[in-house]
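This report describes strand pairing and a charged surface patch in one protein model. The sequence and structure are shown first.

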Amino acid sequence: IRTSNSVYYPILVHSIYLPSESGISDEDQLKIDEWSEDGEEVDFIYKALLKKYTKDEILSYLHSIDADPELKEVDYRRKEYQFILSHQQYDKNDFIFTHKSAAGLKKNGITNLVKVSRLKMTTVQTGYTRQEPLDADLFLSGDIDKIKPQYTSLNAKNTEYLLGVENFGEGIFISFDSNVINNYIDKQKPLLEKIFEKSKNSPLFKTKFTSIQHLGNFIYIHTHSHLLMKELEFSCGYPTVSLSERLFVDDNDMKGVLIYTVGGMDGSYGGLASQANPDKFKDLLDKALDRATDCASDPICLHSEGQGVGEMNIAACYSCALVAENACESFNSFLDRNTVVKLNQTQFYY
């Protein structure tokens, strides 16, 4: 009992800092933020800034900082995903990244490779559970059945502010080709249908996926993320406990993952971002896929139809694809190395 992780499961919400795209200076943005909180109107702000900006520019900035309390995590992440893909290079404030050539990674289904030299990740704990973990979206929506969470604040849902922790780090971002993922879904459709039904009946994952397509996208990308983190541990010496993943997945066009580390952890001084070099990353990915072909628990793991939390994994166990609990967003669930590895190595299923 003393060494069990089930004593305390934090419910965390993360956010990447996205610099404002407006022409308003950082100093003036802080002033506008303060005046907005005090309830000042646009006319007052326009005059207080000595008419330096137009009223439309000020209104546009004010609308950009208005957060929608009903916005789901997947919708929130879509803004981050689109921001990274819409800039070939960005170097402002606390977000620095550069797109690298992904030409040699096309056969692996990777369309974009991005070196993230600096990022700011803000983390807020909204609550916690005992014995069983709980998805953040479920907690925030209140659609909870069996798992009883506790709020961080005594005011529960009436809480206006929660403390956040800002961490600075670096990482590697990759996005995937839809055609390759659809090929995976076609090959594993019977098993994916079973996993999808299990997830809908699970108190932890019941609202996580909207369709089998969504689930298939998630498993394919999530598995790549874990295999890469495992390989970073073997080849580069970064323990997976010092790494984290941020998955950008929906049932449509969002298909990517950010593997990152933050200050104070091993490899947060340029080493991880340097692996985004096209040649280095290609070698890293090839080794990860090759290593995943064998597992100490094969053939049991290889031919599994359900294992792990709620039997949500297919071919994935601690010997091959699972990482440290704090490194994974989905409690080491929804993984399948078998077909993912075969599709990457041979481009056909056998």
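Glu-34 is found in helix H1 (residues 26-37); helices (H or I, at least four residues) and strands (E, at least two) are DSSP runs, numbered from the N terminus. The model is predicted: local features need pLDDT of at least 70, side-chain atom pairs count only at pLDDT 80 or more, and totals for chains, interfaces and linings use all residues. Residues are numbered from 1 along each chain as its sequence is written, and side-chain values use heavy atoms, with hydrogens and water left out.

Glu-34 counts as exposed because its relative accessibility is 52%; exposed means over 50% relative accessible area, buried under 20%, and partly exposed in between (1.4 Å probe, protein chains only). On the surface, Glu-34, Glu-37, Asp-38, Glu-40 and Glu-41 gather in a patch of negative charge. Such patches are made of residues with over 30% relative accessible area and no salt bridge, like charges being joined within 9 Å. A salt bridge is a side-chain nitrogen of Lys or Arg within 4 Å of a carboxyl oxygen of Asp or Glu.

## Strand S4 and its partners

Strand S4 (residues 110-129) runs antiparallel to strand S1 (residues 9-16), with eight bridges joining them; two strands pair if DSSP finds at least two bridges between them. In this pairing, Thr-122 in S4 has Ser-15 opposite.

S4 also pairs in the antiparallel sense with strand S3 (residues 95-100) over five bridges, where Thr-98 stands opposite Lys-115. Twelve bridges join S4 to the antiparallel strand S6 (residues 164-176), and Met-121 faces Asn-167 in S6.

Note on methods:
Patch = residues over 30% accessible without salt bridge, like charges linked within 9 Å, V, L, I, M, F, W, Y side chains within 5 Å. Areas by Shrake-Rupley, 256 points an atom, 1.4 Å probe, with all protein chains shown as cover. Lys, Arg positive; Asp, Glu negative; His and termini not counted. Charge placed at Lys NZ, Arg CZ, Asp CG, Glu CD.
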